[in-house]
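Please look through the sequence and the model below before reading on. The paragraphs after them are meant to be followed with the structure open beside the text.

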Amino acid sequence: MLIRRLVLPVLAAVVVVDGCNCDEVVGKQQPDAVLVFNDQNSPPLDNLDVGLGAGALGAPLTARFTIENRGNIPLNVSDVVLAAHPQLCPTPSGGFAIVAPASEAGAPRSFAIARGESQEVQVSFTPTSGQPACTVVEVRSDDSDSPVLFARLSGQGDAPQLCADKGVV
């Protein structure tokens with residue numbers, strides 16, 4: 001009879017510990033921001049590469065990536081902006097825009113992402129030349145490990161090519 005009394009409290013303690021989140025036990029409550037595009041994610045990558053491809057001059061190209069919260073509390077995103085980054089895109093190009101989430105009259109694109117949830121970001125590029133173009137999207141949040149994440153956007157216009165025919169000249 002004494003053995004049963006000792007075993008039951010031990011089993012109950014194991015069940016309670018087994019059913020809890022280890023971060024909650026040690027008090028580590030934090031968001032964990034990750035950018036994802038076509039099976040790429042950042043981190044562990046240093047940055048995300050979002051290729052919008054090539055398109056006709058003046059015709060917009062679009063792409064989407066997501067901001068995921070893999071942490072155990074809500075992630076607060078303070079802004080999503082186009083920015084310069086000397087290593088990812090030394091000479092930022094025009095023609096890029098963040099379509100969604102929308103910004104009200106230049107106000108920051110701020111929002112919260114619940115744990116385990118995500119927020120889609122839609123970007124566009126309208127090529128104006130046949131040259132390769134790039135810029136960087138900067139995602140700022142309250143993730144203490146990665147407060148700023150970067151997504152490099154790239155695209156190119158299909159410019160008309162002039163070719164001289166030797167027989168015509």
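What follows goes from the confidence of the model to its sheet, its core, its disulfide and some of its prolines.

This is a predicted model, in which local features need pLDDT of at least 70 and side-chain atom pairs count only at pLDDT 80 or more, whereas totals for chains, interfaces and linings use all residues. Residues are numbered from 1 along each chain as its sequence is written, and side-chain values use heavy atoms, with hydrogens and water left out.

Confidence comes before any reading of detail. With pLDDT being the predictor's confidence in each residue, from 0 to 100, the chain has a mean of 81, and 73% of its residues reach 70 or more. Helices and strands are taken here as DSSP runs, numbered from the N terminus (helices are H or I with at least four residues, strands are E with at least two). Confidence in the chain is lowest in helix H1 (residues 2–18), where the mean is 41, and highest in strand S8 (residues 118–125), where it is 96. Over residues 1–18 pLDDT stays under 50, and the model has zero contacts beyond four places in sequence for them, a contact meaning heavy atoms within 4.5 Å. Where pLDDT is low, the predicted coordinates should not be read in detail.

Two strands are said to pair if DSSP finds at least two bridges between them. Five strands form an open sheet with mixed pairing, in the order S3-S10-S9-S5-S7. Its edge strands are S3 (48–56) and S7, each of which pairs on one side only, and neighbouring strands of the sheet are turned by 30° against each other on average, direction ignored (axes are lines fitted to C-alpha atoms, for helices over the stretch in contact, and angles run from 0 to 180 degrees between N-to-C directions). Strand S5 (residues 75–83) is joined to S7 by three bridges, the two running antiparallel, and Val 77 of the chain stands opposite Phe 111 in S7. S5 and S9 also pair in the antiparallel sense, over six bridges; in S9, Arg 140 is the bridge partner of Asp 79, while Glu 138 stands opposite Val 81.

Next comes the nonpolar interior. A nonpolar core is a set of buried Ala, Val, Leu, Ile, Met, Phe, Trp, Tyr and Cys residues joined through side-chain atoms within 4.5 Å, where buried means under 20% relative accessible area, exposed over 50%, and partly exposed in between (1.4 Å probe, protein chains only). The largest such core has 26 residues, and those with the most contacts inside it are Val 50, Leu 52, Phe 65, Ile 67, Val 80, Val 123 and Val 137. Strand S4 (residues 61–69) gives the largest share of this core, four residues. Apart from it lies another core, of five residues, which include Leu 88, Cys 134, Val 136 and Phe 150. Not counting residues up to four places away in sequence, Val 137 touches several residues, among them Phe 65, Val 80, Val 123 and Phe 150.

How many disulfides does the model hold? The count comes to one, a disulfide being a pair of cysteine sulfur atoms within 2.5 Å. Cys 89 is joined to Cys 134 with an S to S distance of 2.0 Å. Because Cys 89 lies in the loop between S5 and S6 and Cys 134 in strand S9, the pair ties together parts that are 45 residues apart in sequence. The torsion about the S-S bond of Cys 89 and Cys 134 is about 85°, so the disulfide is right-handed, and both Cys 89 and Cys 134 are buried.

Thr 135, in strand S9, counts as buried because its relative accessibility is 5%. Leaving aside neighbours within four places in sequence, Thr 135 is in contact with residues including Cys 89, Pro 92 and Phe 96. Pro 92 is found in the loop between S5 and S6, and its relative accessibility of 39% is why Pro 92 counts as partly exposed. Pro 92 and Val 136 are 44 residues apart in sequence, yet 7.6 Å apart in space, C-alpha to C-alpha.

Two further prolines lie in loops between strands. Pro 147 is in the loop between strand S9 (132–141) and strand S10 (148–158), and its C-alpha atom is separated by 9.1 Å from that of Val 77, 70 residues apart along the chain. Pro 101 is found in the loop between strand S6 (96–100) and strand S7 (111–113), and a cis peptide bond, with omega about 5°, joins Ala 100 and Pro 101. Most peptide bonds are trans.
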